[in-house]
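Here's a quick tour of one protein model, written for someone just getting started. Take a look at the sequence and the fold before reading on.

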Amino acid sequence: KTPEVGLGQSPDSIAEARDQAADCRACPLWEPATQTVFGKGPEDAPVIFVGEQPGDQEDIAGEPFVGPAGKVFDQALAAAGIDRSQAYVTNAVKHFKFEPRGKRRIHAKPNMSEIKVCRWWLDQERRLIAPKLIVALGATAAQAVLGKTVTIKATRSKLIDLDETTRLLVTVHPSYILRLPDEAAKERETKAFRADMALVLETVPEL
Ligand code: URA
């Protein structure tokens, strides 16, 4: 079943897609959120990084990966020698889903239906940008790209052909590293994440 995005026409550019997505009402997440957080980066980017959904800070800023997870992401890119401004960065779900707790807004996982409906936007980004590589940051992103549930364990660090021109690389979500309880695990996982970013550059040297 095709999701009812309610916006009809496929956009001709990322700018047009962003404008359309600003008014998206295809799932209930738009209402409590501040704004749609669409992807950011050049339309001819060779790589698309896909996260899960905007967090609290992204919801306010209107840009993906500007909060604590974004910092881990930026540091890993820098360590690998990747210039973030050359890549397109987006999320599987484009509104912040949260539960209010006092004055705080606690991140809530997007469900299957929200991921499915929002996939329409991800498909538009993929079509318009036509990247050589898509990097799924975490299982939700991998699920959104592949259209099926996969585990990080089974798919991580492998180059998967999506079609003749685009490959997929699955890695962990930077928030996973932030949530690790002990320093040794954090250090180990930071290294592994940075190794995946190095693989990104190795796969797409023009990045
Ligand atoms: N986590 C995500 O998955 N995406 C963001 O943009 C920020 C945090």
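**Helix α5 and its surroundings**

The buried residues of helix α5 pack against β1, α4 (112–129), β5 (133–137), α6 (152–155) and β7 (167–171). Bear in mind that this is a predicted model, where local features need pLDDT of at least 70, side-chain atom pairs count only at pLDDT 80 or more, and totals for chains, interfaces and linings use all residues. Residues are numbered from 1 along each chain as its sequence is written.

A few terms to keep handy:

- Helices (H or I, at least four residues) and strands (E, at least two) are DSSP runs, numbered from the N terminus.
- A residue counts as buried if 20 or more other C-beta atoms lie within 10 Å of its own, exposed if 12 or fewer, and partly exposed in between, with C-beta atoms placed from the backbone.
- Two residues are in contact if their C-beta atoms, placed from the backbone, lie within 7 Å.

**More on α5**

- This helix runs over residues 139–146 and is mostly covered, with 6 of its 8 residues buried.
- Those buried residues are T140, A141, A142, Q143, A144 and V145.

**Helix α3**

- Helix α3 (residues 68–80) has 13 residues and reaches 19 Å from its first C-alpha to its last, close to the 18 Å expected at 1.5 Å a residue (that is, 1.5 Å times one less than the number of residues).
- Its buried residues are A69, G70, V72, F73, A76 and L77.
- The buried residues of α3 pack against α7 (174–179) and α8 (183–203).
- G81 follows α3, and its phi is positive, near 80 degrees.

**Strands β1 and β2**

- Strand β1 (residues 47–51) and β2 pair in the parallel sense over 4 bridges (pairing takes at least two bridges found by DSSP).
- V50 sits opposite T90 in β2.
- Strand β2 (residues 88–91) is covered on both faces: Y88 and T90 are buried on one side, V89 and N91 on the other.

**G51**

- G51 is found in strand β1 and is buried, with 29 other C-beta atoms within 10 Å.
- Leaving aside neighbours within four places in sequence, G51 is in contact with P64, F65, N91, L137, A141 and H173.
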